[in-house]
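Subject: Structure handover

Hello,

Here is the structure I promised to pass on. My notes follow below it.

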Amino acid sequence: MSDDHIRYDILTQDALRRVIRKVLEEVQRTGLPGQHHFFITFQTAYPGVRLTTRMMERYPDEMTIVIQHSYWNLEVTETGFEIDLSFDDIRERLRIPFDAVRGFYDPSVKFGLQFDATPMAALPKPESTETETAAKAPTAISTAAPKLQGMKAKTSADTKIAKATEKATDEKPSEAGADVVSLDAFRKKK
């Protein structure tokens with residue numbers, strides 16, 4: 001098999017992240033339609049993520065947010081989004097680059113995307129101030145192919161999404177969707 005000089009894995013991952021951007025842009029314009037709501041898991045120490053020090057201490061590696069009933073000031077850009085959410089009755093402003101997203105799930109229609117992200121050890125540590133934590137521009141691009149809808153949880157982030165989804169939809173994980181194989185499984189290995 002020849003080398004992939006086109007890098008379909010990166011192109012596919014970028015295209016699926018644009019799906020998340022388009023969905024959030026629509027929610028920004030019109031609000032959440034029907035019963036739609038989202039679980040979004042992201043790497044908190046990823047370059048460009050901004051959280052308060054309190055939230056960074058609580059979630060040093062990753063966290064899952066829910067966009068459903070109580071959210072404010074959703075602003076979507078080409079590279080990420082900002083949103084105000086309430087944590088323990090304290091309103092917090094989060095900035096999340098799309099490249100930091102590990103998982104996106106809409107339990108109302110059982111649609112989800114999971115991404116392999118750059119290992120945290122390979123990322124520079126974010127700068128910290130007393131009031132917020134902001135990271136520098138990304139220095140590496142993840143080259144792993146995304147996992148598609150219904151993939152069974154394999155990492156701690158995926159497990160968190162599965163547990164949150166099960167709790168939110170009162171379904172057993174076996175009823176939540178079929179097993180889907182990642183794009184890598186379709187490739188022939190050398």
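What percentage of the 190 residues of the protein count as buried? The figure is 38%, where buried means under 20% relative accessible area, exposed over 50%, and partly exposed in between (1.4 Å probe, protein chains only).

Two points on the source. This is a predicted model, so local features need pLDDT of at least 70 and side-chain atom pairs count only at pLDDT 80 or more, while totals for chains, interfaces and linings use all residues. Residues are numbered from 1 along each chain as its sequence is written, and side-chain values use heavy atoms, with hydrogens and water left out.

Overall layout

The protein has three helices and ten strands. These are DSSP runs, numbered from the N terminus: helices are H or I with at least four residues, strands are E with at least two. The order along the sequence is α-β-β-α-β-β-β-β-β-β-β-β-α. Take the contacts with a separation of 6 or more: 66% of them join residues 24 or more positions apart. Contact here means heavy atoms within 4.5 Å.

The core

The largest nonpolar core holds 31 residues. Such a core is a set of buried Ala, Val, Leu, Ile, Met, Phe, Trp, Tyr and Cys residues joined through side-chain atoms within 4.5 Å. Leu-24, Ile-40, Phe-42, Ile-65, Phe-81 and Leu-94 touch the most other members. At least two core residues come from each of α1 (8-30), β1 (38-43), α2 (53-58), β3 (62-67), β4 (71-76), β5 (80-87), β6 and β7 (101-106).

Look at Ile-40. Beyond four places in sequence, its contacts include Leu-24, Ile-65, Phe-81, Val-101 and Gly-103. Gly-103 lies in β7 and is buried at 0% relative accessible area. Thr-64 is 39 residues from Gly-103 in sequence, and the C-alpha to C-alpha distance is 8.5 Å.

Val-76 is in β4. It is buried at 14% relative accessibility. Leaving aside neighbours within four places, Val-76 is in contact with Arg-21, Leu-24, Glu-25, Gln-28, Phe-81 and Phe-98. Val-23 sits 53 residues from Val-76 in sequence, yet 9.9 Å away in space, C-alpha to C-alpha.

Rings

There are two aromatic pairs. The rule: rings of Phe, Tyr and Trp (its six-membered ring) pair if their centres lie within 6.5 Å; planes under 30 degrees apart are stacked, over 60 edge-to-face, and the rest tilted. One of the pairs is Phe-81 with Phe-98. Their ring centres are 5.9 Å apart and their planes are at 35 degrees, so the pair is tilted. It links distant parts of the chain: Phe-81 is in β5, Phe-98 is in the loop between β6 and β7, and 17 residues separate them. Phe-81 is buried at 1%, and Phe-98 is buried at 5%.

Arg-17 lies over the face of Phe-115, at 4.1 Å from the ring centre. The test for a charge over a ring is NZ of Lys or CZ of Arg within 6 Å of the centre and within 35 degrees of the ring normal.

A buried glutamate

Glu-92 is in β6 (residues 90-97). At 6% relative accessibility, it counts as buried. Its side chain makes a polar contact with the side chain of Arg-54 at 2.7 Å. A polar contact is a pair of N or O atoms within 3.5 Å; within protein, one must be able to donate a hydrogen and the other to accept it, and residues adjacent in sequence count only if both atoms are side-chain atoms. Beyond four places in sequence, Glu-92 also touches residues including Thr-52, Met-55, Ile-83 and Phe-87.

Loops

Most residues other than glycine have a negative phi. Asp-89 has a positive phi, near 65 degrees. Asp-89 is in the loop between β5 and β6 and is exposed at 78%. Lys-110 also has a positive phi, near 55 degrees. Lys-110 is in the loop between β7 and β8 (111-114) and is partly exposed at 31%.

Last, Tyr-46. It is in the loop between β1 and β2 (50-51) and is buried at 3%. Ala-100 is 54 residues from Tyr-46 in sequence and 5.7 Å away, C-alpha to C-alpha.

Best wishes
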